[in-house]
Amino acid sequence: MTLKIGVLTGGGDCAGLNSAIKWIAKTAIDPNVAEHKGESVEVIGIREGWKGLVEVLPADPESLNRWTLPLDELVARTWDRLGGTVLGSSRTNPFSPKIDKAQECINNIRDLGLTALVAIGGEDTLSVAHKLYKLGQKVVGIPKTIDRDLSATDYSLGYDTALNVIVEEVDRLRTTAGSHNRLFVVEVMGRHAGWLALEGGEAAGAHVILIPECDFEVERVAALLEKRRLAGVRYDIVVVSEGAKIKGQEEVYVSDAVDSFGHKPLGGIGESLAKRLEKLTGFETRHVCLSHIQRGGQPSARDRLMGRYFGIAAVDLILREDFGRMVSFIDGQITSVPLERAIKKLNLVDVDKLYDQARYNGRRSSLIPPRIRE
Ligand code: F6P
């Protein structure tokens, strides 16, 4: 008998995915595991997320070569240093009524001989994993999302690297902003959750931080910036989440196209805010959208480590035959939670606890309630 573990990465790519894949392979193929289980172990990478599992024709060697990649220590040896996902990713949803391919997925899991499957992804990918588990498949999940909006874990792969990108880019913008006395509006990712804007803005020292959890007034932002100039500051940085909204308005989208999970592509709030602020304040204003740069580059030390720990923990779950769970990091410990808990609700910024609605910035005190001056 062979224990055959499949692994795939779904949704937006980010740093840390390859480290998780490497450590799934390295841990599973460890001779101690085969000895302990009394059977040989194989790890198969599925290319391009759920798309690979839908498209692969297990009886056709060419198709197998196109959609799968056998992983061993040598193949994945250097992957932990690489950004993105070597296996590739997609936003394919097998349960979308438009394609309706859930049964193909299940048949292919069987025909590929997979004993268990590790799905590395965010809310969308893990909701597919959860549905497959409910249909009897032996699935476990690993959390990844730079938005950090998954519940039941204090860490999701990709977040730390993205945060460091924001800080690095804002640091670069400071010199040019200062040289020209300009206001810079920096748009960062975060569809529903403002963690990247909040913590990125705090770490980079932004004067104004705008998040999806708290609709904002442009006039108030302008007043905050004017006050600061009067205090003698020559330039300013505003960090805004792509999902942040002006009070009474909708999010700004790049287009109306909807992906197979029902999401429209966000983008443009930075640009429209910059234009309005320039008009209101008279300060020369520029905007920068960090966009996919936040997902790129080499993983930070934290993402490499968390990829390693999550990968090892996912294999542990499989060896214990504890399926339908997501590995998780809670209170400094690697643990696991039912997939259902991770996807039930989004992990949003607690505005009352962490955000100062008067200053549009992180809270300064946990003791003194912030005052909103009208
Ligand atoms: O993974 C989430 C995310 O990073 C969101 O912040 C963003 O809206 C989305 O991905 C964009 O992804 P893509 O352009 O790859 O579809």
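**Close-up views of a predicted model**

**View 1. Residues around the ligand.** The ligand is surrounded by Arg91, Ile146, Asp147, Met189, Gly190, Arg191, Glu242, His292 and Arg295. The model shown here is predicted. Arg91 places a polar side-chain atom 2.8 Å from an oxygen atom of the ligand. For Glu242, a polar side-chain atom lies 2.7 Å from a ligand oxygen atom. His292 has a side-chain N or O atom 2.7 Å from an oxygen atom of the ligand. On its own, the ligand has 400 Å² of accessible area, and the protein covers 77% of that. The ligand takes up the space of the largest pocket.

View 2. Asp154 sits between strand E5 (139-143) and helix H7 (159-180), in the loop that joins them. Its relative accessible area is 38%, so Asp154 is partly exposed. The limits for that class are 20% and 50%. Which residues does Asp154 contact, leaving aside its neighbours within four places in sequence? They are Arg148, Phe329, Ile330 and Asp331. With Asp331 there is also a polar contact: the Asp154 side chain reaches the backbone nitrogen of Asp331 at 2.9 Å. Asp154 and Gly332 are 178 residues apart in sequence, yet their C-alpha atoms are 8.3 Å apart in space.

View 3. Arg234 belongs to the loop between helix H9 (218-230) and strand E8 (236-241). Is Arg234 buried or exposed? Arg234 is exposed, because its relative accessible area is 51% and the class begins over 50%. Not counting residues up to four places away in sequence, Arg234 touches Gly178, Asn181, Arg182 and Arg229. A polar atom of the Arg234 side chain lies 3.1 Å from the backbone oxygen of Gly178. Arg234 and Gly178 are 56 residues apart in sequence and 6.2 Å apart in space, C-alpha to C-alpha.

**View 4. Glu321, a residue with positive phi.** Glu321 is not a glycine, yet its phi is positive, at about 55°. The loop that holds Glu321 runs between helix H11 (301-319) and strand E10 (325-330). With a relative accessible area of 52%, Glu321 is exposed.

**View 5. Tyr360, between two strands.** Tyr360 is also a residue other than glycine with a positive phi, here near 50°. Where is Tyr360 found? Tyr360 is in the loop between strand E12 (355-356) and strand E13 (361-362). Its relative accessibility is 2%, so Tyr360 counts as buried. The limit for buried is under 20%.

**View 6. Leu367, after strand E13.** Leu367 has its place in the segment after E13. At 75% relative accessibility, Leu367 counts as exposed.

Definitions and conventions. Residues numbered from 1 in each chain as written. Predicted model: local features only at pLDDT ≥ 70, side-chain atom pairs only at ≥ 80, totals over all residues. Heavy atoms only, no water. Helix = DSSP H or I, 4+ residues; strand = E, 2+ residues; numbered from the N terminus. Buried < 20%, exposed > 50% of the residue type's maximum accessible area, 1.4 Å probe, protein only. Contact = heavy atoms within 4.5 Å. Polar contact = N/O pair within 3.5 Å; in protein donor to acceptor, adjacent residues only side chain to side chain. Near = heavy atom within 4 Å. Areas by Shrake-Rupley, 256 points an atom, 1.4 Å probe, with all protein chains shown as cover. 1 Å grid on protein atoms, 1.4 Å probe; cavity = no way out; pocket = protein on both sides within 12 Å on 5 of 7 lines; lining within 4 Å. Sits in = over half its atoms within 2 Å of the grid points.
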